[in-house]
Amino acid sequence: MGCHGCDLALETADAVIIRDELSAIPSVIDLSRKAHRFVVANLVITGTFITVLVTWDLISAIPLPLVVAGHEGSTVLVALNGPRLLRAKAWR
């Protein structure tokens, strides 16, 4: 469909197969499921860090530099979690 489809169908489709290989669809679906798991894991990591920091601040006084370091630490963890999808193993 990607090479031989009409322009209207290509513009309105939710997903377009660029190559005329239907055998690639299962691996693309598997990759999208893996990506979804990574997104959920990133949300859990960030939500956990923020919940712990807010709870800690409400229970006792926490220094602002420690809060900033904790928040930035969760951001770095999320950023380092993303490239795991770029490994060759994720594409098999």
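The dialogue below takes up helix packing, a salt bridge, a surface patch and some separations along the chain.

Modeller: Please keep in mind that this is a predicted model.

Colleague: How is the packing of two helices described?

Modeller: Two packed helices are described by the angle between their axes and by the distance between those axes. In this structure, the axes of α2 and helix α3 (residues 64-81) come within 9 Å and cross at roughly 175°. The angle makes α2 roughly antiparallel to α3, because an angle over 145 degrees counts as roughly antiparallel.

Colleague: Which residues of α2 and α3 meet?

Modeller: On the α2 side they are F38, A41, N42, I45, T46, F49, I50, L53 and W56. Their counterparts in α3 are L66, V67, G70, H71, S74, L77, V78 and N81.

Colleague: Let us take one of these residues. Is N42 buried or exposed?

Modeller: N42 is buried, with a relative accessible area of 15%; the cut-off for that class is under 20%. This residue lies in helix α2. Leaving aside residues up to four places away in sequence, N42 touches V78 and N81.

Colleague: Let us turn to charged side chains. How many salt bridges does a search of the whole structure find?

Modeller: The search finds 1 salt bridge. The side chains of D30 and K34 meet in it, at 3.6 Å from N to O.

Colleague: Where do D30 and K34 stand in helix α2?

Modeller: They are 4 residues apart in helix α2 (residues 25-59), so about one helical turn separates them. As for their accessibility, D30 is partly exposed at 31% relative accessible area, whereas K34 counts as buried at 15%.

Colleague: Which residues form the nonpolar patch on the surface?

Modeller: The patch is formed by I17, L22, I25 and I29. Together these residues have about 320 Å² of accessible area. One of them, I17, lies in the loop between α1 (7-12) and α2. At 31% relative accessibility, I17 counts as partly exposed.

Colleague: I18 is also placed in the loop between α1 and α2. Is I18 buried or exposed?

Modeller: I18 counts as exposed, at 61% relative accessibility.

Colleague: What is the accessibility of G73 and of P65?

Modeller: G73, which lies in helix α3, counts as partly exposed at 25% relative accessibility. P65 has its place in helix α3 as well, and P65 is exposed, with a relative accessible area of 62%.

Technical notes
Residues numbered from 1 in each chain as written. Predicted model: local features only at pLDDT ≥ 70, side-chain atom pairs only at ≥ 80, totals over all residues. Heavy atoms only, no water. Salt bridge = Lys/Arg side-chain N within 4 Å of Asp/Glu carboxyl O. Helix = DSSP H or I, 4+ residues; strand = E, 2+ residues; numbered from the N terminus. Buried < 20%, exposed > 50% of the residue type's maximum accessible area, 1.4 Å probe, protein only. Patch = residues over 30% accessible without salt bridge, like charges linked within 9 Å, V, L, I, M, F, W, Y side chains within 5 Å. Areas by Shrake-Rupley, 256 points an atom, 1.4 Å probe, with all protein chains shown as cover. Axes fitted to C-alpha atoms, helices over the stretch in contact; angles between N-to-C directions. Parallel < 35°, antiparallel > 145°, perpendicular 65-115°, else oblique. Contact = heavy atoms within 4.5 Å.
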